[in-house]
Amino acid sequence: AEYTSIETCQGQSVIRFEDDPQQPTGANWQALYYPNPATDRFTLELPVVVQSVALYDAEGRGVRRFDNVPQGNLNVPVNDLPAGFYTVRIQTNGKMQSGKILVTRS
């Protein structure tokens, strides 16, 4: 999971989903999430409908879960979570990809 997130120069992080190279193209897409680090909430931009979005703490405990998430922006509150690293997992069509986000306190 360490290499599934790429930070862009705009402070956005990317979670990429890529199609099987043996299949026709067209299902490649990426989700953006920002700001990273986050203090109160972060936004997850989803270009497609996904089965679930989950947030896990550093010990692997689930702290947030959203099922049947529509395409568009999902605001994920983190103001009640302790500061630290969290894993964002997106699951759709039997595939799962992850990214990391840092929650800080100002």
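How many helices and how many strands are there in the chain? The chain has 0 helices and 9 strands, where helices (H or I, at least four residues) and strands (E, at least two) are DSSP runs numbered from the N terminus. Read along the sequence, the pattern is accordingly β-β-β-β-β-β-β-β-β.

What is shown is a predicted model, in which local features need pLDDT of at least 70 and side-chain atom pairs count only at pLDDT 80 or more, while totals for chains, interfaces and linings use all residues. Residues are numbered from 1 along each chain as its sequence is written, and side-chain values use heavy atoms, with hydrogens and water left out.

Taken as a whole, the chain has 106 residues, of which 34% count as buried; buried means under 20% relative accessible area, exposed means over 50%, and partly exposed lies in between, with a 1.4 Å probe and protein chains only. The accessible surface of the chain comes to about 6400 Å², and 47% of that surface belongs to carbon and sulfur atoms, the areas being computed by the Shrake-Rupley method with a 1.4 Å probe, where for residues only the protein chains shown count as cover. Among contacts (heavy atoms within 4.5 Å) between residues at least 6 apart in sequence, 46% join residues at least 24 apart.

Strand β2 runs antiparallel to strand β3 (residues 29-34), to which 5 bridges join it, and two strands are said to pair if DSSP finds at least two bridges between them. Within this pairing, Ser-13 has Tyr-33 of β3 as its bridge partner.

Further along, an open sheet of 4 strands is arranged in the order β6-β5-β8-β9, with antiparallel pairing. The edges are held by β6 (62-69) and β9 (95-103), each of which has a single partner strand, so one side of each is left without a neighbour in the sheet. Neighbouring strands of this sheet are turned by 15° against each other on average, direction ignored; the axes are lines fitted to C-alpha atoms, for helices over the stretch in contact, and angles run from 0 to 180 degrees between N-to-C directions.

Strand β5 (residues 50-56) and strand β8 (residues 84-92) run antiparallel and are joined by 5 bridges, with Val-53 standing opposite Ile-90 in β8. Thr-87 is also found in β8, and this residue counts as buried because its relative accessibility is 17%. Leaving aside neighbours within four places in sequence, Thr-87 is in contact with Ala-54, Leu-55, Tyr-56, Ser-98 and Gly-99.

Strand β7 (residues 72-77) holds Gly-72, which counts as partly exposed because its relative accessibility is 24%. Not counting residues up to four places away in sequence, Gly-72 touches Leu-44, Glu-45 and Leu-46. The C-alpha atoms of Gly-72 and Val-49 are separated by 8.2 Å, although these residues are 23 residues apart along the chain.

Which residues line the largest cavity? The lining is made by Phe-42, Val-53, Ala-54, Leu-55, Arg-64, Phe-66, Val-76 and Val-88. The elements giving two or more residues to this lining are β5 and β6, and the largest share, 3 residues, comes from β5.

Conventions: 1 Å grid on protein atoms, 1.4 Å probe; cavity = no way out; pocket = protein on both sides within 12 Å on 5 of 7 lines; lining within 4 Å.
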